[in-house]
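This short report is meant to be read with the sequence and the 3D structure side by side. Please look over both before going on.

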Amino acid sequence: MNIDRRKFLLCASASGLLGLAPATLALGAAQQLGKRAKPPRVVIVGAGFGGATAAKYLRLWSERKIEVLLLERQQNFISCPMSNTVLGGSRNMGDITLSYDDLSKKYGIQRITAEVTGVNAEKRSVRTARGDVPYDRLILAPGIDFLFDQIAGLDAALAETQLPHAWKAGAQTALLRKQLEAMPDGGVYLLSIPKAPYRCPPGPYERVCQVAFYFKQHKPKSKIIVLDANPDITSKKGLFLKAWNELYPGMIDYRPNAQVIQVDAKTRTATTEFDAVKADVLNVLPPMRAGKAAELAGVVNVDQRWCAVNFLSYESTARPNIHVIGDAVAAGLPKSGHMATSQAKVTAAAIIELLAGNQPDADPVLANTCYSMVSDKAAMHVANVFRYNKDTKQMVAAEGGGVSDKHSDTEGSYAKYWAQNIWSDALR
Amino acid sequence: MSKTLWLILGMALCLPLHAQPDKHARGLAASCAACHGTNGNSVGGTPVLAGMDRALFIQQMKDFKSGARPATVMHQHARGYSDAEIEQLAGFFSAQKRATQ
């Protein structure tokens with residue numbers, strides 16, 4: 001079964017998104033006559049920061065001449081950036097949950113709430129439980145999946161019920177917050193960090209700040225143990241150490257080169273090569289890889305985990321007409337929300353050119369700003385411009401980038417404005 | 001078929017065969033949206049860049065670059081762009097319509 005445009009317009013009409021009955025009839029009649037030229041169609045898998053932004057900008061910049069179908073299994077957008085503040089208690093799930101409705105209403109993007117079950121690159125078609133969706137160009141914005149099998153005793157079901165990683169914002173974020181609330185004062189929260197690369201390099205250290213912020217107010221006798229598989233703090237090191245020492249002295253026990261290889265859900269114990277550590281709340285971040293849709297499409301070609309792309313178009317080096325953006329990409333670029341949106345825009349512009357028979361911009365330049373909230377009010381950042389290097393064909397950091405002098409309430413305000421603006425840029 | 005059609009359509013509309021310079025400027029400016037909103041129309045907190053005077057934009061960025069204007073983050077972004085790119089950014093943002101809210 002093919003999901004065609006007429007069917008989707010009917011869906012849109014039936015769900016009350018648009019008063020489309022006359023348009024549906026007109027389009028249906030034209031299709032029956034077979035004389036109406038079909039616009040090129042881009043299908044996007046995944047409506048996180050990257051996928052949603054790609055959808056919006058394809059419609060904006062093509063002046064609606066390209067048809068865009070956006071496939072996403074979730075009903076709403078839940079933001080990973082700022083989700084750690086839900087653990088800290090200064091935001092709730094509602095504050096980081098946003099609607100996809102404007103993408104349909106304002107930009108005419110056709111949304112399909114379904115999971116992708118297959119990709120046929122030869123036939124240029126995506127399979128979902130609701131039918132096959134043909135494309136001219138496919139954008140995969142699949143985010144990440146977890147390598148649970150690299151930690152004995154852990155699996156996806158346990159993560160949903162007892163040992164949340166909460167590294168995709170959603171039900172697990174709420175579960176982890178509940179576990180922290182239920183923990184007695186004087187308890188131990190344990191966070192384990194996988195070897196880089198993983199989603200959001202400063203994210204784990206920000207999470208430590210947020211949990212510490214909550215403990216300081218409500219459970220001041222509690223401790224935080226960080227088991228980091230990396231040899232050192234991987235992002236904003238000096239800034240995090242300063243924040244931990246100034247704001248949460250004596251609370252955080254950071255242990256580098258400590259890779260968790262086993263967990264026991266019953267005793268809430270995490271085991272490394274050297275040590276077994278018991279905790280009241282066990283927050284294990286498993287090693288990560290590109291989201292499943294990338295594997296289904298056959299575009300995972302770096303370390304069996306990530307996707308290599310041409311940085312002028314984000315087209316996969318493994319398969320033509322399939323583009324990959326966001327955390328799934330193997331790159332010297334941070335796996336961040338801002339980076340996903342920047343990549344999405346390069347990709348949207350490139351696809352518009354490619355569909356018109358032109359070459360994409362040969363000199364893409366993009367930027368990244370990542371804020372980390374160290375309390376309810378204070379934040380700090382890392383910022384960089386990245387540009388395409390024609391010799392190495394890689395994106396490399398331009399001169400001048402760097403981090404904050406120190407965390408501040410001023411930057412906390414900027415972090416809030418960043419969230420408002422990037423959410424709006426992706427979704428409204 | 002659709003690809004061919006687009007090619008014909010493109011030629012009929014006299015579109016050039018390479019990305020236009022203003023599209024490069026649009027691409028440069030696109031990253032700014034995370035803090036300054038789509039096309040520079042900030043939805044809160046940060047300065048609206050849409051419709052900003054070209055000369056003023058260039059001066060601000062130069063002052064960020066030199067440190068004449070203190071900043072938390074903008075000096076780091078400004079130093080990442082060449083003077084020519086800053087002029088392209090100024091051209092793009094000055095041409096954007098300010099959204100009325």
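## Two domains in chain A

In this predicted model, chain A is divided into domain 1, which covers 39-145 + 290-359, and domain 2, which covers 148-286. Taken over C-alpha atoms, the centres of domain 1 and domain 2 of chain A are separated by 29 Å.

Where these domains of chain A meet, 18 residues of domain 1 are in contact with 19 residues of domain 2. On the side of domain 1 of chain A that touches domain 2 of chain A, helix H4 (residues 84-88) of chain A gives the largest share, namely five residues. That side of domain 1 of chain A divides into eight nonpolar, eight polar and two charged residues.

## The overall form of chain A

The secondary structure of chain A comes to twelve helices and 25 strands, and the C-alpha trace of chain A spans about 75 × 45 × 40 Å along its principal axes. Chain A has a radius of gyration of 22 Å, which agrees with the value near 22 Å for a compact globule because that value is the one given for 428 residues.

Of the 428 residues in chain A, 52% are buried. Among the contacts in chain A with a separation of 6 or more, 68% join residues 24 or more positions apart.

## Where chain B touches chain A

The contact between the chains takes 46 residues from chain A and 35 residues from chain B. In chain B, the elements that give two or more residues to this side are helix H1 (2-12), helix H2 (21-30), helix H3 (33-36) and helix H5 (74-78), and H1(B) provides the largest share, with six residues. By class, the side of chain B that touches chain A has 14 nonpolar, 17 polar and four charged residues.

Terms used
Residues are numbered from 1 along each chain as its sequence is written. Chains are lettered from A and ligands numbered from 1 in the order in which they are written. This is a predicted model: local features need pLDDT of at least 70, side-chain atom pairs count only at pLDDT 80 or more; totals for chains, interfaces and linings use all residues. Two residues are in contact if their C-beta atoms, placed from the backbone, lie within 7 Å. Helices (H or I, at least four residues) and strands (E, at least two) are DSSP runs, numbered from the N terminus. Ala, Val, Leu, Ile, Met, Phe, Trp, Tyr, Cys and Pro count as nonpolar, Asp, Glu, Lys and Arg as charged, and the others, Gly among them, as polar. The radius of gyration is taken over C-alpha atoms; the globule rule is 2.2 Å times the number of residues to the power 0.38. A residue is buried if 20 or more other C-beta atoms lie within 10 Å of its own, exposed if 12 or fewer, and partly exposed in between; C-beta atoms are placed from the backbone. Domain bounds come from an automatic or database domain assignment.
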